[in-house]
Amino acid sequence: MKTVRKPAVLSGSDAAKRLAVVILEALSGLRSPSQASQAAGISVARYYVLETRGLQGLVTALEPRPKGKRRTPAGELATLHKEKGRLERELMRAQSLVRMAQRSMGIAAKPEAKLDGKKRRRRPVVRALRAAAALRPPAGSEKTESVKKE
């Protein structure tokens, strides 16, 4: 005696499930495309568009899947974080070895540049002020007086 398997519960909205039932009934011959479009409350042209989309989705879902572990952006990010940690540890180890070699050879380590958060003040450019004064016409010239009168 054969056992009958229940169909798996499919996810999706009720409207999408109803439309899938109508399309499957039309494809199996229980309904004509015009009857199926009337049952779904859509035009015949829209029915054919949805039928084609449904069949394309079926074919796409049945494509063979690649074997092995799939790469996801989250997995790639985790791998990169792990690699970063490994490289940081390797850098610290190399720096430690350099310091030990310098001590054993009696070489003084290069002092670190200190940035106390202070910015150097910029001195005003006196040359620019002198150049501007040289370009200005003298105070008693005619052009300056005519500009002032207007």
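L62 sits in the loop between helix 3 and helix 4 (73-105), where helices are DSSP runs of H or I with at least four residues, numbered from the N terminus. L62 is exposed at 65% relative accessible area; exposed means over 50%, buried under 20%, and partly exposed in between, with a 1.4 Å probe and protein chains only.

This is a predicted model, in which local features need pLDDT of at least 70, side-chain atom pairs count only at pLDDT 80 or more, and totals for chains, interfaces and linings use all residues. Residues are numbered from 1 along each chain as its sequence is written, and side-chain values use heavy atoms, with hydrogens and water left out.

Together with L24, L27, L55 and L58, L62 makes a nonpolar surface patch of about 500 Å². Patch residues have over 30% relative accessible area and no salt bridge, and nonpolar side chains (Val, Leu, Ile, Met, Phe, Trp, Tyr) are joined within 5 Å. Areas are Shrake-Rupley with a 1.4 Å probe. Helix 1 (14-28) and helix 3 (44-61) each supply at least two of the patch residues.

Now the salt bridges, each a side-chain nitrogen of Lys or Arg within 4 Å of a carboxyl oxygen of Asp or Glu. The count comes to 5. E25 pairs with R31, closest N and O atoms 2.6 Å apart.

In helix 4, E83 bridges to R86 at 2.6 Å; the two are 3 residues apart, so about one helical turn separates them. R86 also bridges to E90, at 3.1 Å. Shared partners join E83, R86 and E90 into one network.

Methods: Patch = residues over 30% accessible without salt bridge, like charges linked within 9 Å, V, L, I, M, F, W, Y side chains within 5 Å.
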